[in-house]
Amino acid sequence: MSKPRLFSGIQPSSDSLHLGNYLGALVQWRAMQNDYDAFFCIVDLHALTNAAHDPKSLPAATRGLAAQYLACGIEPGKSTLYVQSHVPAHTELTWILNTITGFGEASRMTQFKDKSQRFGTENQTVGLFDYPVLMAADILLYQADVVPVGDDQTQHVELTRNLAERFNSRFGEVFTVPKLQTPEEGARIYDLQEPTSKMSKSAASDAGLIWLLDEPSVTRKKIMRAVTDTGSEVRFDRGEKPGVSNLLEIYTAITGQTVAAAEAEFAGRGYGDFKRAVADAVVAELEPVRTRTLELLDDPAELDRLLAVGAEHAAEVAAGTLKAVYDAVGLLPRR
């Protein structure tokens with residue numbers, strides 16, 4: 001019996017992933033690849049919607065992200081790892097989906113709406129507007145059964161489901177309607193300096209971010225300087241103690257303990273001991289990832305070979321879907 005299929009991806013928009021990416025996505029993916037036919041994509045075309053993207057640094061960022069995927073435990077023998085732009089079917093399917101996407105529903109997508117409200121619609125690009133449709137194409141090309149994403153992407157997956165159902169209704173059953181899956185643990189890791197804000201590469205300060213490629217000493221220093229709360233009790237309470245709660249979430253996600261067990265472990269010990277334990281756990285978890293990433297980046301030719309193998313397999317699967325789509329909408333086949 002074939003495994004159900006999974007699709008997910010991350011933009012190569014920075015030199016390093018952060019702890020939120022790791023605990024909220026990569027750890028989940030590493031486990032899920034054992035039970036799913038997993039497709040993990042480096043979505044470099046999406047990165048072009050960022051006005052600040054640098055053409056000179058994008059190739060290195062793409063290789064760097066591939067190396068981090070592998071270092072975090074994504075295995076080419078189990079999963080298909082590839083670069084989005086290496087499979088032209090992504091953009092080809094996007095055009096077809098554009099023709100069944102309503103202007104109103106696209107304009108209601110959070111990312112475009114928020115940026116338009118903050119900076120004005122005239123300052124936004126068609127690429128940003130169309131970003132969710134490209135994401136739908138990414139998913140539907142591979143007939144994904146499951147899409148694991150963070151809770152900030154759920155709206156885009158719902159659009160994907162709507163488009164799949166709309167296409168199937170109009171043109172016949174072509175697409176698998178994917179199910180959304182958000183991780184139960186580690187879904188939201190917060191900024192160490194702003195513990196009510198999600199850890200994000202767009203944060204105003206680097207001090208609240210734990211990068212996977214940070215030196216261990218830097219990681220330790222950031223955790224020891226993390227914002228806590230009044231009092232000295234190590235207790236999970238997101239409303240009253242957001243800083244301590246964030247550190248508890250990080251600690252339990254890495255160690256596998258329950259929150260109650262972690263609270264008992266640090267009862268009466270104060271924030272200093274607690275932070276040192278969190279720092280020890282994070283450094284022990286991330287140091288092998290950093291070391292392996294740097295080893296992989298020392299051999300870019302091998303990285304490129306692995307990505308080419310992944311792209312070849314992804315393109316074969318995508319071609320089957322695209323042919324079914326073209327046939328369904330009545331495009332004349334090329335002879």
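Which helices do the buried residues of H10 pack against? They pack against H1, helix H9 (216–224), helix H11 (259–265) and H12, where packing rests on contact, meaning heavy atoms within 4.5 Å.

## Ground rules

This is a predicted model, so local features need pLDDT of at least 70 and side-chain atom pairs count only at pLDDT 80 or more, while totals for chains, interfaces and linings use all residues. Residues are numbered from 1 along each chain as its sequence is written, and side-chain values use heavy atoms, with hydrogens and water left out.

Helices (H or I, at least four residues) and strands (E, at least two) are DSSP runs, numbered from the N terminus. Buried is under 20% relative accessible area, exposed is over 50%, and partly exposed sits in between (1.4 Å probe, protein chains only).

## Helix H10 and its surroundings

H10 covers residues 242–255. Its 14 residues reach 20 Å from first C-alpha to last, close to the 20 Å expected at 1.5 Å a residue; the expected span is 1.5 Å times one less than the number of residues. H10 is mostly covered, with 12 of its 14 residues buried. Among them are Pro-242, Asn-246, Glu-249, Tyr-251 and Ile-254. Just past the end of H10, Gly-256 takes a positive phi of about 85°.

H12, one of the helices that H10 packs against, spans residues 270–297 and holds Gly-272. Gly-272 counts as partly exposed because its relative accessibility is 31%. From Gly-272 to Glu-215 it's 57 residues in sequence and 21 Å in space, C-alpha to C-alpha.

## Helix H8, one side in and one side out

H8 runs over residues 154–171. At 1.5 Å a residue its 18 residues should span 26 Å, and the end C-alpha atoms are 26 Å apart, so the two agree.

The buried residues in H8 are His-156, Val-157, Leu-159, Thr-160, Leu-163, Ala-164, Phe-167 and Asn-168. They cover an arc of only 165° around the axis, which puts them on the same side of H8; the arc is that of the directions from the helix axis to the C-beta atoms. Turned away from that buried side is the face with the exposed residues Ser-169 and Arg-170. Just after H8, Gly-172 has a positive phi of about 105°.

## A closer look at Asn-168

Asn-168 belongs to H8 and counts as buried because its relative accessibility is 6%. Its side chain makes a polar contact with the side chain of Glu-173 at 3.4 Å. (A polar contact is a pair of N or O atoms within 3.5 Å; within protein, one must be able to donate a hydrogen and the other to accept it, and residues adjacent in sequence count only if both atoms are side-chain atoms.)

A polar atom of the Asn-168 side chain also lies 2.8 Å from the backbone oxygen of Phe-175. Leaving aside neighbours within four places in sequence, Asn-168 is in contact with Glu-173, Val-174, Phe-175 and Val-177.

E1 (residues 5–10) and E2 (residues 37–42) pair in the parallel sense over six bridges; strands pair if DSSP finds at least two bridges between them. Phe-7 has Phe-39 in E2 as its bridge partner, and Leu-6 stands opposite Ala-38. E2 is also joined to E3 (residues 79–83) by five bridges, again running parallel, with Leu-81 in E3 partnering Phe-40.

Five of the six residues of E1 are buried, and E2 likewise has five of six buried. E1, helix H1 (residues 19–32) and E2 make a right-handed β-α-β unit: with the strands pointing away from the viewer, the path from the first strand over the helix to the second runs clockwise.
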